[in-house]
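Hello,

Here is the structure we talked about handing over. Please look through it first, then read my notes below.

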Amino acid sequence: MRNTTPDPSSLLLCPPPSRQEAAMAARVGLMTRLPLCAQGRGRFLDALHRHLSSPGTAILKREEPPLGSAEPGLQEETKNKTFSEVQKERREQAQRSILISCPKKVPEKKLLKHLCQHGEITNHFFFESFGIHAVIEFSKKESIASLQDATFIPRGETEFPIPFKSRFFHLNLKNPSNQTSDGMLVQCSNQSSPLNADLIQTLCNAESVEGQINTLMRMLQITEENTRLRYLTCSLIEDIAAAYFPSCTIKPFGSSVNSFGKLGCDLDMFLDLDDIGKNHATKTAGPFLMEYQVKNVSSERWATQKILAVIGECLDNFGPGCVSVQKILHARCPLVRFSHQASGFQCDLTANNRIAMKSSELLYIYGSLDSRVRALVFSVRSWARQHALTSSIPGAWLTNFSLTIMVIFFLQKRSPPVLPSLDYLKNLADAKDKCIIEGNDCTFVSNLDRIKPSENTETLDILLCQFFEYFGNFSFNKNSINIRKGKEQNKPDSSPIYIQNPFEPSLNVSRNVNESQLERFVHLARESAWILQEGKGQSSKSSNHPWGLAALLQPSASNKSKAKKPGRGPTGEAVRKLLESIKTDSTKLPPATGEKRTISTQS
């Protein structure tokens, strides 16, 4: 991403650096002083971005001065940013931005010079999704209005356009042959996750399991450009919804903002109509009270369904780049699902889903407290996906949210704890943090600086191994997982696994998981713990095969433990193939057929 002039909002990445990362960055003096000229600053940021993006870099990718940096002025500016403040500044950033569909060969410098006629450009980057696109951020909103005034609606010979003026533009070259040969063409930023084979190869080159875990997170986490694109996409959809509801906002929630999202994850949107019903005007004296004349319906759910139905129709008929629009209005949480072709995101738009937003904030806080939290969650989620324990298709699988809650719970159980319980965060809250949604207490502290850092010093390789060991022997048959208390509690029903919703205690977020899927999880967790214990200290320099975390991400290799420890895990087709391959190298191993009947139902 190119940075033309300094902008405070560009310093706010999602998520912010944890305290451990901040301390590391402060020791190396990360970005405490920038070149004074805008051009020099842009070159410096580009170089820094490339350096921190490399797999071998020990410091996580950042563009902002780290929390706790030694520079007093910058420290004061960033250290007290709450989740809500970050969202607000990101939204303002998106409102100053536009999306442009570009020709295959577009001269970057000429394009920027052309757009600068309408105002100063703060940031820009290019990416590919059904063609090349550019995200341009102006320093002022007025620049977008100026550009819209100079833009016309195309007229086709056989098709008639819907005359909807948005912030999504299409760029044409007047003389393509002359312009593409002059100057450098654009370089697109990556917006997709690496292939699993490339990921494993990179992990094998790490120096330790802890290095593998951190490398995996750096390769999979949402980038700065991708974060900007997500907020911009929400802002473009908000422009459409605002035609009916001028005071509404559309905010991203879930993996896009909770610090645990990976490149390519869906974009969950929340239509917030809360401000429409508020009266911000000063009360006036007199005998009259003015109210809006409105239509009424019998329930809030019906109102939500009608609102989403209308917005779904608008997206389908008038939304540039919005395709495959589905109105799923009778679900427990009504939604509109669609693909935003230009950004490449699969989107789910819901309304009045405020508890989901608070859940996103809670996970954001947990992910920001300690750098090990996010790294561990990324590893566990990747492991689960590779073994088909999770899926993008609804079914009896564990969800990413359930796995994240399990990691948080495990870290609460360490001695000393890595993370505090939700009740502890509630006790630190002040009056402005008070939050009751539909009768549920969603109160917790929003200021990270009020939370005492953990005294736990366990390394990531130990924590990952212990995570698998802990849940490989967890009493799922009688205990539930409760991060509000930070301890096990008796299960209130007979569900195979019971993970209590942090804000709706009567709900089990894993109620969809069946007994068979839970058994697969337990067996794979035991095997994975054994693999990590067996390969302790092993590195790529001493092995020609995937090791450590890389071995866990191979669907068949993770079952290697069966050759050593019969009865500790499943003996599905992958295990039988693995045992047969080992048998060809050593006739001393026992035959696999003796184990074949033990858990044939797990295949």
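Is Phe468 buried or exposed? Phe468 counts as buried, at 1% relative accessibility. Keep in mind that this is a predicted model.

Aromatic rings

The structure holds 17 aromatic pairs. One of them joins Phe467 and Phe468. Their ring centres are 5.6 Å apart and their planes meet at 70 degrees, so this pair is edge-to-face. Phe467 is buried too, at 0% relative accessibility.

Next come Phe471 and Phe474, whose pair is tilted. Here the distance is 5.6 Å centre to centre, with 45 degrees between the planes. Phe471 is buried, and its relative accessible area is 0%. Phe474 counts as buried at 10% relative accessibility.

A lysine over a ring

Lys358 lies over the face of Phe444. The distance to the ring centre is 4.4 Å.

Cysteines

How many disulfides are there? The count is 0. Take Cys234 as an example: its closest cysteine sulfur is in Cys347, 7.3 Å away, so the two are too far apart for a bond. A disulfide needs the sulfur atoms within 2.5 Å. Cys234 is buried, at 1% relative accessibility. Cys116, in contrast, is partly exposed, with a relative accessible area of 43%.

Best wishes

Technical notes: Residues numbered from 1 in each chain as written. Predicted model: local features only at pLDDT ≥ 70, side-chain atom pairs only at ≥ 80, totals over all residues. Heavy atoms only, no water. Buried < 20%, exposed > 50% of the residue type's maximum accessible area, 1.4 Å probe, protein only. Phe/Tyr/Trp six-rings, centres within 6.5 Å; stacked < 30°, edge-to-face > 60°. Lys NZ or Arg CZ within 6 Å of the ring centre and 35° of its normal.
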